[in-house]
Amino acid sequence: MKLLFLHCDYIKFKPLKKALKSVEELSEKEKKEHEVKECLGVFVAVEKGDSVENVNDLINNVKDVASQVKAKKIVLYPYAHLSNNLANPEIALNVLEESEKSLKRDFDVIKAPFGYYKEVELKVKGHPLSELSREISPTAGSPTAHPNALSKSNKQPAKQEDYDPHKLLNEISKSRLDTSKLKENDHRILGQQMDLYSFNEVAPGMVFWHNNGLIVRDELIKFWKEIHKQHGYLEISTPQIMDKRLWQISGHWDKYKENNFLTNYENKDFIVKPMNCPGGMLVYRHSTKSYRDLPLRVGELGIVHRQELSGVLGGLFRVVQFIQDDAHIFCTEEQADEEISGIIDLIGLFYKKFRLPYRVELSTRSEKRIGTDEMWNKAEKLLKKALDRKKMDYKTSGGQGAFYGPKIDFHVKDSLGREWQCGTIQLDFSMPERFELEYTGKDDKRKRPIMIHRAIYGSLERFIGILIEHYSGRLPCWLSPIQVRVINFTDRNNKYAERIFGKLKEEGIRVDLELSSVPLSGKIRDAELMKIPYIIVVGDKEEKEKTIAVRTKGEKKIKNMEVDDFVEQVKKEIEEGSRKI
RNA sequence: GCCUCGGUGGCUCGGUAGGUUAGAGCGCGACAUUGGUAAUGUCGAGGUCGUGGGUUCGAUUCCCACCCGAGGCUCCA
């Protein structure tokens, strides 16, 4: 429905001739010219899809505008020319008459006749609010709209909002941490000290990555990509918001409605993706597949959003927005066993690299589930078989599976002894079914692949939190935001220090320079608190001998080295850390 | 979402049993200082005491609501 509001000194109209055959004859009185002074003209075009359910929206808009311009008289004027997608006359008339009835409770209402050619004359006041248009979308207020949907935005209020940016700025504050119950190596404290990231109340549960933290995240991603390439994975990236219908197909809408972030675009409901898989399904479907393509391993480092109960958030361990190191493996039932084994190995290798202890758990069918019991039997058996074959030590917990399939979870232990689920392997017969995935078999028949969802880090955010605590902030060199700090001994050595700094930087080492004129011990202390792996001090002695004094991660021993030797050593350490599993 | 606790400069924390200019250390800036591996000195800037409302002559302080955070439940595709 489209509305045009004109605040007028007067409106005059006179019906001349019927425009529609179906409308009733007007009485003699109604055929006369009408004049209304000091009124709000409401010109209405009722469109396809509108119904009496939209009357309330119309009323609210009229009330809104009338109160702003302080109008008491309303001229309700059918004005088809606002739209090229008109509702049929019966509905339009119905909507208009209902509207008139409701408006009469609060205003003097004059309704211009429907279905007549009319002569009209009016004078618009010309103040800033005297001409307004509004659009009411047919879905607004309908029972199908989600309660959280931005139905207000459908109103498209044209009024200028009244706010004071300075006042608003005071209302939003960064999140202050209550450290009273936290250990010293809690990632929330270390994250602040090391300037890795922060939180702000404008985005609860969503990380503001600072430069230092982003370096850690990027390194983990780089490493992940490297290893996955080596293990035969392809990589894709799918959109951040997708049509609600996609989530209805996948079943996420039914199961997790209330946890989704909703938005809309072009009058369609969109969902901010809580999962990567449906996007991945569409990529699979984009081209025909043959048995030769299987197993097809497709990774996606996707940003997902999930609304969580407000009490469960905690630093990086539990967030609302996170990067999932997802991958989907499409394969035949016969291949599943080997694929699962491969993933178990891969996860083990990752955790071993970070020296993280972990525990394995098999989660079987949950109450909230889709798919037949037959599927579940098959899937559970496959997972069990792989675990047994690998002689894994694992616990079975009933009812804990994902809604589309059973899973193997990998729980990593943090420094407090708390366990966090990171890695997961989930078998899924259901999603391929719902998305009608197919491949052509050797026998030229259409077959349905099965699908394995898996993640290793689980959430990059959580994994970084665990790493920070696990290493008490002393990240391995290849992950450290600052790998080397160069410190001068006195101002006399600045030039030499700058040369060393430049050389290391050229070599691709993340290095910074500290030339302030405070005593050395103070600068050493700062660098240690920042958990910088290598501290280089250059003074008169080093300058004369063309060496550097190297202090390694918290060790008190100082080693005098040639710059080139140091560069070689550090580069080798970084290289090995970031490429090899 | 529920129960308990918290929110005072960038950070860590004092303080106000309602009353003039809310303090300190670190950090930041300036100046002095030129020192050998976990804190050099002096001076200076920096605060709507989480937000909104109420009580009051007066609220950072008391009351209410909300927001954010922490611990614990519940939850985690």
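Mentor: Start with the sheet. This is a predicted model. Strands of a sheet pair through backbone hydrogen bonds, either parallel or antiparallel. Here an open sheet of eight strands runs in the order S9-S13-S14-S21-S18-S17-S15-S16. The pairing is mixed.

Trainee: Which strands stand at the edges?

Mentor: Strand S9 (234–235) and strand S16 (394–397) do. Each has a single partner strand, so one side of each is left without a neighbour in the sheet.

Trainee: In what sense do S17 and S18 pair, and over how many bridges?

Mentor: Strand S17 (residues 407–413) and strand S18 (residues 419–428) pair in the antiparallel sense. Seven bridges link them. Take one residue as a check: Lys407 has Gln426 in S18 as its bridge partner.

Trainee: Which strands does helix H9 touch?

Mentor: Helix H9 (residues 277–285) packs on the sheet and touches strand S13 (296–305), strand S14 (321–331) and strand S21 (450–459). The direction of H9 makes about 40° with that of S14.

Trainee: Now another strand pair. How many bridges join S2 to S3?

Mentor: Six bridges join strand S2 (residues 34–45) to S3, and the two run parallel. Look for Phe43: it stands opposite Tyr77 in S3.

Trainee: Is S3 largely enclosed or open?

Mentor: Count its buried residues. Buried means under 20% relative accessible area. In strand S3 (residues 73–78), five of the six residues are buried, so the strand is largely enclosed by the rest of the structure.

Trainee: Next, helix pairs. At what angle do H2 and H3 pack?

Mentor: Read the angle and the axis distance together. Helix H2 (residues 55–69) and helix H3 (residues 89–103) pack at about 50°, with their axes 9 Å apart. H2 and H3 are therefore oblique to each other. The crossing of H2 past H3 is right-handed.

Trainee: Which residues meet there?

Mentor: From H2 come Val55, Leu58, Ile59 and Val62. From H3 come Val95, Glu98, Ser99, Ser102 and Leu103. By class, this contact of H2 with H3 has six nonpolar, two polar and one charged.

Trainee: At what angle do H6 and H10 pack?

Mentor: Helix H6 (residues 211–230) and helix H10 (residues 333–353) pack at about 145°, with their axes 12 Å apart. H6 passes H10 in a right-handed crossing. Phe223, Trp224, Ile227 and His228 in H6 meet Leu346, Phe350 and Lys353 in H10. The contact of H6 with H10 divides into five nonpolar, one polar and one charged.

Trainee: Last topic: the backbone. What should I look for?

Mentor: Look for exceptions. Most residues other than glycine have a negative phi, and most peptide bonds are trans. Now find the bond from Leu294 to Pro295, which is cis, with omega near -5°. Pro295 lies in the loop between H9 and S13.

Trainee: Is Arg355 buried or exposed?

Mentor: Exposed means over 50% relative accessible area. Arg355 has 63%, so it is exposed. Lys391, in the loop between helix H11 (373–389) and S16, has a positive phi near 50°. At 74% relative accessibility, Lys391 counts as exposed.

Key:
Residues numbered from 1 in each chain as written. Chains lettered and ligands numbered in written order. Predicted model: local features only at pLDDT ≥ 70, side-chain atom pairs only at ≥ 80, totals over all residues. Heavy atoms only, no water. Pairing = 2+ DSSP bridges. Helix = DSSP H or I, 4+ residues; strand = E, 2+ residues; numbered from the N terminus. Contact = heavy atoms within 4.5 Å. Axes fitted to C-alpha atoms, helices over the stretch in contact; angles between N-to-C directions. Parallel < 35°, antiparallel > 145°, perpendicular 65-115°, else oblique. Left-handed = near helix turned anticlockwise from the far one by under 90°. Nonpolar A, V, L, I, M, F, W, Y, C, P; charged D, E, K, R; others polar. Buried < 20%, exposed > 50% of the residue type's maximum accessible area, 1.4 Å probe, protein only.
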